[in-house]
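Subject: A structure for you to look through

Hi,

Here is the structure I promised to pass on. Please open it next to this email and find each residue as you read.

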Amino acid sequence: MIDAVVFDTKPYDRESLEKASANSGITWRFLEPRLSTETAVLAKGAHTACIFVNDRADRPCLEVLANLGVKHIALRCAGFNAIDLDAAKALHLTVTRVPAYSPYAVAEHAVALLLALNRKIPRANNRVRDLNFSLNGLVGFDLHGKTAGIVGTGRIGQITGQILRGFGMRVLAYDPFPNPEWAAANQIEYTDTTTLARQSDIISLHTPLTAETHHIIRKETLQMMKPGVILINVSRGALIDTTALIDALKTGQVGGVALDVYEEEEGVFFEDLSGQILHDDELARLLTFPNVLITSHQAFLTQEALAEIARVTVANTQATATHSPLLPGTSLT
Ligand code: NAD
């Protein structure tokens with residue numbers, strides 16, 4: 001039997017992991033708390049600790065896990081900013097992730113947000129349910145013929161760019177490691193960040209969160225953009241300096257924002273806080289703008305993505321327990 005403890009479990013995690021692990025020899029312990037130094041002790045006796053985006057696997061936490069005998073940290077996500085990889089290596093912990101569970105899920109959500117924001121679908125839907133059939137204030141614009149800027153042309157950024165090309169948009173892209181063949185095949189133009197910022201009507205972020213990309217959207221970069229620009233962020237919250245974003249929304253420099261991620265989302269996103277007091281004043285302010293649309297880190301949430309996350313997590317948990325090779329491209333240590 002392989003003992004695997006799952007932190008920050010939601011019903012859909014439980015369902016997909018159980019489905020993918022029939023006859024696998026894995027015994028799951030599904031826990032609701034997020035992983036932190038304080039909760040790490042719950043992993044006592046486990047071979048694998050399975051974690052998600054808002055768990056905090058920093059050095060002190062990993063030291064507790066290693067001392068308890070945990071051998072494997074399985075991230076059930078692509079981004080790995082939640083874990084201190086240097087500490088994990090030093091502690092001989094194997095760390096795996098699910099690099100590409102469904103880039104389509106995330107790209108399609110980015111575009112869903114863009115369409116809903118531009119055509120004011122949530123407001124229109126609320127109105128109609130209240131038998132208010134007026135169209136005042138619901139004017140959007142055609143995407144056809146506008147310019148989109150894709151920052152980061154990895155798996156998700158590429159698909160987002162392709163979908164936007166399908167709308168007849170001009171698509172600009174920036175990536176320190178460009179893919180010229182893909183760009184040529186899809187008539188997408190690589191450019192520098194300044195040109196992308198100056199020329200794009202819509203900018204969509206698809207980079208991982210690193211020291212270099214932290215606050216790539218901040219006061220100076222916002223000032224370079226076209227007045228009224230629409231920003232889409234389905235990647236990581238801290239790519240955007242929220243204070244600067246709120247200022248730019250107030251002046252109208254930013255014409256609309258769709259966020260699936262937020263700088264301070266930990267402890268808020270994924271939770272039902274209805275009926276409670278929201279203590280985050282910046283999130284509260286963002287929620288007051290009619291041209292801000294927020295979802296709670298749900299871009300990944302499709303049946304296909306959940307099944308793939310579970311498949312890779314189960315395979316790597318078995319592999320680490322039996323000293324077999326990990327699935328290609330999933331190892332981080
Ligand atoms: P990927 O590794 O395939 O692509 C990332 C791209 O960003 C790479 O091409 C890389 O060269 C580029 N990049 C790195 N630094 C850059 C910079 N400074 N400027 C511009 N580009 C830069 O990753 P992916 O699968 O496309 O995922 C992208 C991000 O999306 C992940 O890191 C994760 O944070 C986020 N994500 C969010 C969700 C969600 O549910 N909201 C789900 C999955 C992934």
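Below I go through the aromatic rings, the ligand and a few residues in loops.

First, some ground rules. This is a predicted model, in which local features need pLDDT of at least 70 and side-chain atom pairs count only at pLDDT 80 or more, while totals for chains, interfaces and linings use all residues. Residues are numbered from 1 along each chain as its sequence is written, and side-chain values use heavy atoms, with hydrogens and water left out.

**Aromatic rings**

A pair of aromatic rings is described by the distance of the centres and the angle of the planes. Rings of Phe, Tyr and Trp (its six-membered ring) pair if their centres lie within 6.5 Å; planes under 30 degrees apart count as stacked, over 60 as edge-to-face and the rest as tilted. Searching the whole structure gives 6 aromatic pairs. One of them joins F52 and F270, edge-to-face, at 5.5 Å centre to centre and with 65° between the planes.

Where do F52 and F270 lie? F52 is in the loop between β3 (48–51) and α2 (59–67), and F270 is in the loop between β11 (254–259) and α11 (281–286), so this pair ties together parts that are 218 residues apart in sequence. The element names follow DSSP runs, numbered from the N terminus: helices are H or I with at least four residues, and strands are E with at least two. Both F52 and F270 are buried. Here buried means under 20% relative accessible area, exposed means over 50%, and partly exposed is in between (1.4 Å probe, protein chains only).

W182 and Y190 also pair: their ring centres are 6.2 Å apart and their planes are at 65°, so this pair is edge-to-face. W182 is buried, with a relative accessible area of 7%, whereas Y190 is partly exposed at 24%.

Ring pairs also link Y12, F52, F270 and F300 into a cluster. A ring can have a charge over it, too: the charged end of R285 sits over the ring of F289, 4.3 Å from its centre. For that label, NZ of Lys or CZ of Arg must be within 6 Å of the ring centre and within 35 degrees of the ring normal.

**The ligand**

Now look at the oxygen atoms of the ligand. An oxygen atom of the ligand is 2.6 Å from an N or O atom in the side chain of D175. There is also an oxygen atom of the ligand 2.9 Å from a polar backbone atom of I156, and an oxygen atom of the ligand is 3.2 Å from a polar backbone atom of F300. The ligand taken alone exposes 870 Å², and the protein buries 87% of that. These areas come from the Shrake-Rupley method with a 1.4 Å probe; for residues, only the protein chains shown count as cover.

**Residues in loops**

Most residues other than glycine have a negative phi, and most peptide bonds are trans. H92 has a positive phi of about 60° although it is not a glycine, and phi of H297 is near 55°, also positive. Is H92 buried or exposed? At 69% relative accessibility, H92 counts as exposed, and its place is in the loop between α3 (85–90) and β5 (94–96). H297 is buried, with a relative accessible area of 7%, in the loop between β12 (292–294) and α12 (303–321).

D201 is in the loop between α8 (193–199) and β9 (202–205) and is buried at 18%. The side chain of D201 makes a polar contact with the side chain of K226 (2.8 Å). A polar contact is a pair of N or O atoms within 3.5 Å; within protein, one must be able to donate a hydrogen and the other to accept it, and residues adjacent in sequence count only if both atoms are side-chain atoms.

Happy exploring!
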